[in-house]
Amino acid sequence: MELEPFMLRALLAAVLLGPLCGFIGVFVTARRMSFFSDTIAHAALAGVALGFLLGLSDPTVPMVLFSLLVAGLILWLKERTHLLNDTIMALLLSGSVALGMVILSRLKGFRGELDRYLFGDILSVGWGDVVLAAAVLVLVGSALLLRLNDVLSLMTAHPDLAHVAGVPVRAMNYAFVALLTLTVALSIRLLGIILVTSLVVIPPATARNLAGSLRQQILLSLLFGLAGAGGGVALSYPMDLPSGPCITLTLAVLFVASLAGIRARRSQAPSP
Amino acid sequence: MDIAFRPRPAVAAIEVLDLQVRLGGNPVLQGVRLRIEAGRMVALIGPNGSGKTTLLRCLLGLHRPDSGSIHLLDEGPPTPHLLRRVGYVPQRLPLDPSFLLTVREFLAIRRPRTAGWFWRPTRFVDDQLHEAVAEMDVTRLLDRPVAGLSGGQLQRVLICSSLLNDPELLLLDEPTAGVDTPGEEDFYGLIAEVHRRRHLTVVLVSHDLSMVYRHASRVYALNGVICCEGAPEEVMNAESLRQAYGIHFTPYHHHHHHHPGGAHGA
């Protein structure tokens, strides 16, 4: 069977972005940033709308830029105001969705386009997206060789401890947020705005059920991200379904299966 | 290393001059002057809101003072380079139980070159790690998640981690806040042992006066300024300390306040 070019692009994007989301997700969940991920995903809608308004056929660039802008705004408001994180994010999430919808409703024939971005569409993955995803993966891979995981672990355990150990905590925080934003914005093509956070949150949760150390959790999370994204895309074409729900349901099935792993671990553990 | 057996010259591990910090318009530190000689085990005490945490954050370079100066280890202000010679033991870790970092992994972060790469199981092949692990008696905890440790266990792991840098100055923030009363005595015994063996300067930052009395050789009482300092028995009887802690203060009784400010309070 020969792969259609669009299918090849979608599968490549899935194989690159699945493990990336799996890795980042371990730290996103541990640092209670799931809602952050959701907010920047929704901000992408306004970016997409702005892209169409400007007459661009491929709105990747405004999408990524607008998500980065909102991520920066979250951090800036957090430092400058006394508002709670949740409040800031809810504000920016609803604000950007409203802005995106107002712009899109002024444009003709936006309905079909909207569904693609809300639920993901393998047809919309371009070569540019694949190349960007590969670049981010190479970047994170090289940072891993320089012990990115140690730096992130220490920052998660205690930011002040990381500072004393010589980590430039503030700069690393911004870098982590930029990495998360870029990864989420790129994954929107596959999963859609509404479901993209599932690829960041479910693989580490599944891995958590089975792992006995952080290293195991990271490795399993990479694997589940790969299996969920790759499997979901592979299912979506023959079944003629949007790719987002397919990926999320594949991840959910893996999660449910991992619950059996918890029971196995419990029965092995010595009773207290 | 025979240098460790000679008494160190009386250099200052910490020298603070006229330190002033305002937070949200309120003066928190109002001209703190402090000199802690190297090699001592001392306590920095003060009631909640006295500026202990702020002073500690300044010492660690986490907060920039409005005016005044800090010299650590006779060298200069707390730059990242100088902080390599300082060990910091926070009160607790703000960790969610879902974070699986094990004690072994946590300790390996400080000894990256010897702990094996990320995809290999973490094995300790380095004497300094073995020594610190044995010294703090954490061998049995190595494969437990850090987030699931009790207060006393966590303190031992945190001290173990800070010793991996072979620090010359060890700063402990409310070291027994999460430790039960019988565990406290063992815990201070352990710190005293580390202090003796490693000839480092230990600063215990605490609101708990009773422990100070038995374990510190010198006490600095903070209340916006250093309001008194000296041997524990002198400081405990000083009128200024009574004022700092309020009139209900009784020095020889355990005070187990819940302090809502916590490590990052006032």
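**Note on the predicted complex of chains A and B**

1. Helices (H or I, at least four residues) and strands (E, at least two) are here DSSP runs, numbered from the N terminus. The two strands concerned, E5 and E6 (residues 169-173) of chain B, run parallel and are joined by four bridges; two strands are taken to pair if DSSP finds at least two bridges between them.

2. The model is a predicted one, in which local features need pLDDT of at least 70 and side-chain atom pairs count only at pLDDT 80 or more, whereas totals for chains, interfaces and linings use all residues. Residues are numbered from 1 along each chain as its sequence is written, and chains are lettered from A and ligands numbered from 1 in the order in which they are written.

3. On confidence, the predictor assigns the complex an ipTM of 0.85 and a pTM of 0.86. Chain A has an average pLDDT (the predictor's confidence in each residue, from 0 to 100) of 90, with 96% of the residues scoring at least 70. Among the elements of chain A, the lowest mean pLDDT, 80, belongs to helix H5 (residues 110-119) of chain A, and the highest, 95, to helix H10 (residues 214-236) of chain A. For chain B the mean pLDDT is 80, and 81% of its residues reach 70 or more. Residues 251-266 of chain B have a pLDDT below 50, although beyond near neighbours in sequence this stretch has 27 contacts in the model; a contact requires the C-beta atoms of two residues, placed from the backbone, to lie within 7 Å.

4. Chain B contains nine helices and nine strands. Of its 266 residues, 42% are buried, a residue being buried if 20 or more other C-beta atoms lie within 10 Å of its own, exposed if 12 or fewer, and partly exposed in between, with C-beta atoms placed from the backbone. Among the contacts in chain B with a separation of 6 or more, 68% are between residues 24 or more positions apart.

5. Six strands of chain B form an open sheet with mixed pairing, in the order E5-E6-E7-E3-E8-E9. E5 and strand E9 (226-230) of chain B stand at its edges with a single partner strand each, so one side of each is left without a neighbour in the sheet. From one strand to the next the twist averages 15°. Helix H1 (residues 52-59) of chain B lies across strand E3 (41-45), E6, strand E7 (201-206) and strand E8 (218-222) of chain B, and runs at about 150° to E6(B); axes are lines fitted to C-alpha atoms, for helices over the stretch in contact, and angles run from 0 to 180 degrees between N-to-C directions. Helix H5 (residues 151-163) of chain B also packs on this sheet, where it touches E5 and E6 of chain B, its direction making about 165° with that of E5(B).

6. Three further strands of chain B form an open antiparallel sheet in the order E2-E1-E4. Strand E2 (26-37) and strand E4 (67-72) of chain B are the edge strands, each with a single partner strand, so one side of each has no neighbour in the sheet. Strand E1 (residues 12-23) of chain B and E2(B) pair over nine bridges in the antiparallel sense, and in E2(B) the bridge partner of B:Leu23 is B:Asn26. H1(B) packs on this sheet as well, touching E1, E2 and E4 of chain B at about 120° to the direction of E1(B).

7. B:Leu204 is found in strand E7 of chain B, and B:Leu204 counts as buried because it has 25 C-beta neighbours inside 10 Å. Leaving aside neighbours within four places in sequence, B:Leu204 is in contact with B:Ala43, B:Leu172, B:Pro175 and B:Ala216.

8. The contact between the chains takes 25 residues from chain B and 25 residues from chain A. Helix H2 (80-83), strand E5 (86-89) and helix H3 (103-109) of chain B each supply at least two residues of the side of chain B that touches chain A, and H3(B) gives the most, with three residues. That side of chain B has 19 nonpolar, two polar and four charged residues, where Ala, Val, Leu, Ile, Met, Phe, Trp, Tyr, Cys and Pro count as nonpolar, Asp, Glu, Lys and Arg as charged, and the others, Gly among them, as polar.
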